[in-house]
Structure formats: C-alpha cells, structure tokens
Amino acid sequence: MTTVAPALQQRSATDLFAHLLRHENRADPYPAYEELLRQPVVQMDDGTWLATGHREIGLLLRDPRISADRLNPQQQPIRKSLLMEDPPRHDQLRHVVTQQFIPRIMGMRDHIDALVTALLDAHTSERPGQLDVVGDLAYPLPVTVICELLGVPREDEPLFGALARRLTRGLDPVSTQSEQEIHELQQARTELAEYLEGLIARHDADDRDDLLAGLLHGRSPDGPMDPIDLRVTLGLLLIAGHETTVNLIANGTLALLRHPDALARLRTDPDLATPLVEEVLRYDPPVQMSGRSTLADIDIAGTTIPKGARIRLLLASGNRDPRRFPDPDRFLPGRADNAHLGFGGGIHYCIGATLARAEAQIALTALARRLDSPRLVSDPPPYRENAILRGPERLPVAFDRLLPDPRGV
C-alpha cells in the first residue's frame, strides 16, 4: 500500500477530512483516505459521521433507515430531485424516468463511437500534436449525447455549462464555500429554473420525440410528470448526465498514461475496455463521496450512529479498502470481483451508469488506438475546485501524430 505521509499519520478524522477538502490536496487525496480507513465508521468534531470502509458504506447505502435528504437547510430547494428523495416518492419518480430514459440509451454505441471519432479528428487537426482531453473530448462528448437525448439545443451549452459548474460546486460542504459562492449557487438555481421552464414551453408547442417530450406528454403508463418535478428532473439529468462522465474519461486517461502497460494492452485488445473502466471507477472514481442522514439509530462497526445524524459516505476510501480489494492502490485493469462503489449503490444507484460506461469505454479505446506516443504535458494536471466531483480542470496530452482508425471506419 501507499505509505501514509508523515504529516497525516496522527491527524484526527476531522483534520483528515479537512485535508481532503482543501484544493491544494486535490491531485492526490488517497493517502488521507488510507489513514481514514483505520476506522471504518468514525465521528468528526462537528457531529458528522464518516463511513470509510467498503462493507460499511455498502450496508448504509442499502439501509432503509438512511435518508438521501442531506442538504444544508440554507441550500434546500423547494422541490428535491429523485437523488435526494426517499421511498415511496423516490421510487415513483425513478420509475417514470427509467421508463423513458433506459430505452433511449440502448443501441447508442455506434453513435457515440462516431461522435468520438469526429471530436478527435476535428481538434487534433486544429492543434496537431496536442489535445486537451477534457476540453476536446471528455466534456463535449457527454454534453452532446445528453443534449440529444433530452432535446436540449446544443447551442445552449455555454449557458447550462456555466450554470452546471456553479451548481456542482454547491455539492461540496458549505464550510468550503465563500458567501459569494453560496449567493451564486442560489442565483444559478434560479437561472436554470428559468431556462428549463422556457425549454419545456417550447417542447409543449412542438411535436418532438425526445426524453423531455416523453416525460412532458406522459408517453408511458405513468402518465405525464408533474410540471415542477419535470423541471427538477430535467435539471438533474442535464447536469448529472455529463458532469460525472467528464471526470470518468479524464481520470481514465490519466490512469492509462501513468500505466503505459495498460495503455498498450488496450490499444491491441479493445475487449479490455470493459474491465478497465470498472477499475477506473474503483481506483479513481469521479464521485468521491456522498451524503446521507439517519432516520433511526443504526448499530454498525461497533458503534451507534444516532437518529438525525449526518453521514458522509467516502466512496473513494471504500474503493481502496484492503479488506475488500487486494493491492487496492494498484491500478489493475483486469481486476476480478471488482464490486466498486463508483456508481453508489442501493436504490440510488446511478441511473445513467450504462450510458457513462459506454461513453468512457469508447472514448478511452479511441485514445489508445489513435494517439501515437501520447504523454502528459504536466503531471499532476490542474484540478477542478470540486472535492466531491473530482477530476482535472484540463488534461493536456502531447502525441506524435493522430493515427487512422485501425478499423478503417
């Protein structure tokens, strides 16, 4: 295992969690996660509990005594998304969305493949020899896909892209945000609501066949979705539908370039893409942690988390738990029995997991096939501010030339 930095060895859970939240530690939070793993469930000084072990996180994710409602009161929206709802309301909303979403993402691999090819061809011809994996591929790919699925005009991306960055920053603990950022968060919610209301109104007047139209007009046995629920759900799908995938592709590229043997294997064996993406989700997950609260006392790991407590489920530490994964700090693309927590678990398991997997598998395979002698321009790259949705801000990669697609397509 990675040796814990001496400065971290004697720190409390409170200090270690604060360490994770500081931006200067974003490039490598894993020594702190390793130290936190010494106690699979521990309480911080402010009363918040941390679940760090793989087994304990899995149990809590599936425990009906756990509530997904975990926002700070000052950040609480009027209507919550299904990610923050409990049964039975969560189940009702998720069923409606699933009925429309899942059939539309089936059979999309060829289209995603074509988009990846076009993005690589366009940007490498503009700047031969260098590619920003985030700006040129990892971001525009899932944005294009989710816009097409939902029926959102691609030209609106600069608007909702800027709003998404402000809204995802609001997922981090409020203690890490300035008053200005909190104000911008509230403003971003208002602006997104206004944008989505206009988008819904245009769909109501047109004859369309996209996911938004399906939810709006009730093209499922459940009937049309409530107008406010529709707006909130659309916002969730629009933002969550691309933000985490950006990090998944970028983190996967970073892992491949740091492990040239894995890159060489993927270049000649595209079937490796499936287990490789699962290992990226374990080794360097795009979502590092999630929040919950307790509806009753819960006995776990030799302690009792009381009713009404707030819990942080540290998915990234659970994914490096040596009690579950042999050699947890090694990147092993063919790892067997890889029951990671990269997409969460239980009733809130990521609804877009299938789509995110396909996008990452296709994008990483294309990078391995087509970039001749790729190497990082800077290591570590600059990271985004976000602690929870963790990934590079930019990922410049130099290469000798763009190779033709070996499949001849």
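Predicted model: local features only at pLDDT ≥ 70, side-chain atom pairs only at ≥ 80, totals over all residues.

Trainee: Let us start with packing. At what angle do H7 and H15 pack?
Mentor: Helix H7, residues 140-150, packs against H15 at about 140°, and the two axes are 11 Å apart. H7 and H15 are therefore oblique to each other. The crossing of H7 over H15 is right-handed.

Trainee: Which residues of H7 and H15 make the contact?
Mentor: H7 contributes Leu141, Pro142, Val145 and Leu149, while H15 contributes Leu355, Glu359 and Ala363. By class, this contact of H7 with H15 has six nonpolar residues, one charged residue and no polar ones.

Trainee: What about H12 and H15, how do their axes cross?
Mentor: The axes of H15 and helix H12, residues 260-268, come within 8 Å and cross at roughly 95°. An angle from 65 to 115 degrees counts as roughly perpendicular, and H12 and H15 are therefore roughly perpendicular to each other.

Trainee: And which residues meet there, in H12 and in H15?
Mentor: On the H12 side they are Leu263, Leu266 and Arg267; on the H15 side they are Leu364, Thr365, Ala368 and Arg369. The contact of H12 with H15 divides into four nonpolar, one polar and two charged residues.

Trainee: One more pair, please. How far apart are the axes of H11 and H13?
Mentor: They are 10 Å apart, and H11 packs with helix H13, residues 273-283, at an angle of about 100°. H11 and H13 are therefore roughly perpendicular to each other. Leu248, Asn251, Gly252 and Leu256 of H11 make the contact with Leu276, Val277, Val280 and Leu281 of H13. Six of the residues in the contact of H11 with H13 are nonpolar, two are polar and none is charged.

Trainee: Changing topic: how many cavities of 30 Å³ or more are there?
Mentor: There are three cavities of 30 Å³ or more. The largest cavity has a volume of about 60 Å³.

Trainee: Which residues line the largest cavity?
Mentor: Its lining consists of Thr253, Leu256, Leu257, Leu263, Leu364, Leu367, Ala368, Leu371, Pro374 and Val397. The elements giving two or more residues to the lining of the largest cavity are helix H11 (227-258) and helix H15 (353-370). By class, that lining has nine nonpolar residues, one polar and no charged. Leu256 was also named in the contact of H11 with H13.

Trainee: And what lines the second largest cavity?
Mentor: The second largest cavity holds about 50 Å³ of space. Leu20, Asn25, Arg26, Pro29, Tyr33, Gln288, Met289, Ala387 and Arg390 form its lining. These divide into five nonpolar, two polar and two charged residues.

Trainee: Now the backbone. Which residues does a cis peptide bond join?
Mentor: One joins proline 87 and proline 88, with omega about 5°. Proline 88 is in the loop between strand S3 (66-67) and helix H4 (89-105). Another runs from aspartate 379 to proline 380, with omega near 5°. Proline 380 is in the loop between strand S10 (375-376) and strand S11 (396-398).

Trainee: Which residue has a positive phi although it is not a glycine?
Mentor: That is aspartate 337, whose phi is about 50°. Aspartate 337 lies in the loop between helix H14 (315-318) and H15.

Trainee: Why point these features out?
Mentor: Because most residues other than glycine have a negative phi, and most peptide bonds are trans.

Key: Residues numbered from 1 in each chain as written. Heavy atoms only, no water. 1 Å grid on protein atoms, 1.4 Å probe; cavity = no way out; pocket = protein on both sides within 12 Å on 5 of 7 lines; lining within 4 Å. Points joined across faces, edges and corners; volume = space filled by probe spheres on them. Helix = DSSP H or I, 4+ residues; strand = E, 2+ residues; numbered from the N terminus. Nonpolar A, V, L, I, M, F, W, Y, C, P; charged D, E, K, R; others polar. Axes fitted to C-alpha atoms, helices over the stretch in contact; angles between N-to-C directions. Parallel < 35°, antiparallel > 145°, perpendicular 65-115°, else oblique. Left-handed = near helix turned anticlockwise from the far one by under 90°. Contact = heavy atoms within 4.5 Å.
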